[in-house]
Amino acid sequence: MANDVKITPAERAARFAQMTRQNFQMLPAIAGTENNTVSFEIPRTKLLAKIYLLVEAVLTGTHASGTDMVLAPFAPYSFIRNARVKMNNGFSPFQISGRGLYFYNLANLNGKEVELIKGAANTGSSRSRTVCGVKTGASGEVNTVRFLAELPLVLNDRDPIGLILAQNAETLITVEVDLGAVTDIVPTATGFTTALSNITITPMTVTYTVPSDPKALPDLSVLKLVHEIEQNIPGTGQQVVKLPVGNTYRKLILWMEDSSGDGLVEGTGVTGNFELIFNQADIPYAIRPQLLAGYNQTVYGNVLPQGLWVWDWSYNGFAGYGGSRDLIDTERLSEFWFRFNAACAGRVTVIYETLSQLR
């Protein structure tokens, strides 16, 4: 009879912490080329928690007078056009652009660490997580490009929710990365010649050993999904973005830009309140963009780029470590909208983190 006693999720998590250990596993570096796709399979072993991608390249800049290059917004992350983690059961835990991945990594407890540090980092001599040199010379100047992208499948580094059992002959997990061109890092400019070489992506997985006791195995029925959608802003006036329903939302990242690609400014680019609307009538969240920007600084400890706002329901004093109280379950909603007022034409990109229950 003792074997029939049910244990709580908290007890499972405690047993899991006692009976497993963390593993960092390097995968072989993969050579890449501009405007091409790099892909690899996750080894079928252990419980998969996180995937890191170390992207490296050599950027050669040429200019007659040695003038520094001007980087594209959010370079070098902009070199990734799309990153996808796919499973053969039909789920895609990640499907996001490089810029969106930068925003997602930025909206985190230690998000400031992903920012490109000016000065020393631009020479390529820094150990910073994000490096992108800008030097040029008459005969060409070599610069280091390096950034570390993080694709976490679990909710955070404490809770085992979201783990994927890779140690399964029937499960195939594939990562695909669409690479862009040198112009995605340094836009074309008169008098400048740029070239990329030695492009490599080095993956690393964070996994946990599978505990021998089935009662120490955490709940594997929940998947965390991070996806991205875009919608044009045709002109001034009220705009509505209809968000997918069916899953539970933990985070909503909003990037708004004008027709030139510059982030919209509160008061001149966007006016009024940002609103989240349930079933076209219930408005539980309405907030001025200026106030949300200030709240984001409180949550993440740094000022987000102009044009970027985040609704984060996983925050309870530490970003990403909150409980389920404030999560938005849209399974019983027919409509879930984001509504705002635009003062100019442009585009809105929405990155959303949701939880999906496997049936």
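This is a predicted model: local features need pLDDT of at least 70, side-chain atom pairs count only at pLDDT 80 or more; totals for chains, interfaces and linings use all residues.
Residues are numbered from 1 along each chain as its sequence is written, and side-chain values use heavy atoms, with hydrogens and water left out.

**An open sheet**

- Helices (H or I, at least four residues) and strands (E, at least two) are DSSP runs, numbered from the N terminus.
- Two strands pair if DSSP finds at least two bridges between them.
- An open sheet is formed by 4 strands, in the order S13-S19-S15-S16. Their pairing is antiparallel.
- Strand S13 (237-242) and strand S16 (282-287) are the edge strands. Each pairs on one side only.
- On average, neighbouring strands of this sheet are turned by 20° against each other, direction ignored. Axes are lines fitted to C-alpha atoms, for helices over the stretch in contact, and angles run from 0 to 180 degrees between N-to-C directions.

- Strand S15 (residues 270-278) pairs with S16 over 4 bridges, in the antiparallel sense.
- Phenylalanine 278 stands opposite aspartate 282 in S16. Phenylalanine 274 has isoleucine 287 in S16 as its bridge partner.
- The hairpin has 3 residues between the strands. Asparagine 279 takes a positive phi near 50° there.
- Glutamine 280 lies in the loop between S15 and S16. Its phi is near 70°, a positive value in a residue other than glycine.
- Helix H3 (residues 289-300) lies across S15 and S16. H3 runs at about 75° to S15.

**Buried or partly exposed**

- Buried means under 20% relative accessible area, exposed over 50%, and partly exposed in between (1.4 Å probe, protein chains only).
- Helix H2 (residues 98-106) is mostly covered, with 9 of its 9 residues buried. Among them are Arg99, Tyr102, Phe103 and Asn105.
- Cysteine 132 counts as buried because its relative accessibility is 0%.
- Cysteine 344 has 22% relative accessibility, so it counts as partly exposed.
- A search of the whole structure finds 0 disulfides. A disulfide is a pair of cysteine sulfur atoms within 2.5 Å.

**Methionine 256**

- Methionine 256 sits in strand S14 (residues 248-258). It counts as buried because its relative accessibility is 0%.
- Contact means heavy atoms within 4.5 Å. Not counting residues up to four places away in sequence, methionine 256 touches residues including Leu264, Phe274, Trp309, Phe338 and Val348.
- Methionine 256 and valine 350 are 94 residues apart in sequence. Their C-alpha atoms are 8.7 Å apart in space.

**Alanine 343**

- Alanine 343 is in the loop between strand S19 (336-342) and S20. At 32% relative accessibility, it counts as partly exposed.
- Leaving aside neighbours within four places in sequence, alanine 343 is in contact with Thr236, Thr268, Gly269 and Thr271.
- Alanine 343 and threonine 236 are 107 residues apart along the chain. Their C-alpha atoms are separated by 4.7 Å.

**Cavity and pocket**

- On a 1 Å grid over the protein atoms alone, a cavity is a set of points where a 1.4 Å probe fits but cannot get out, and a pocket is an open set with protein on both sides within 12 Å along at least five of seven lines; lining residues have an atom within 4 Å of a point.
- Grid points are joined across faces, edges and corners, and a volume is the space filled by probe spheres set on the points.
- The count comes to 1 cavity of 30 Å³ or more. The largest cavity holds about 60 Å³ of space. Its lining includes Gln25, Pro43, Lys46 and Thr207.
- The largest pocket holds about 670 Å³ of space. Of its 27 lining residues, the closest to its centre are Ile161, Asp219, Val222, Leu355 and Gln357.
- Helix H1 (9-19), S14 and strand S20 (346-357) each give two or more residues to the lining of the largest pocket. H1 gives the most, with 4 residues.

**The loop between S4 and S5**

- Proline 76 lies in the loop between strand S4 (47-62) and strand S5 (80-87). The peptide bond from alanine 75 to proline 76 is cis, with omega near 0°.
- Phenylalanine 74 lies in the loop between S4 and S5. Its phi is near 65°, a positive value in a residue other than glycine.
- Phenylalanine 74 counts as buried because its relative accessibility is 18%.
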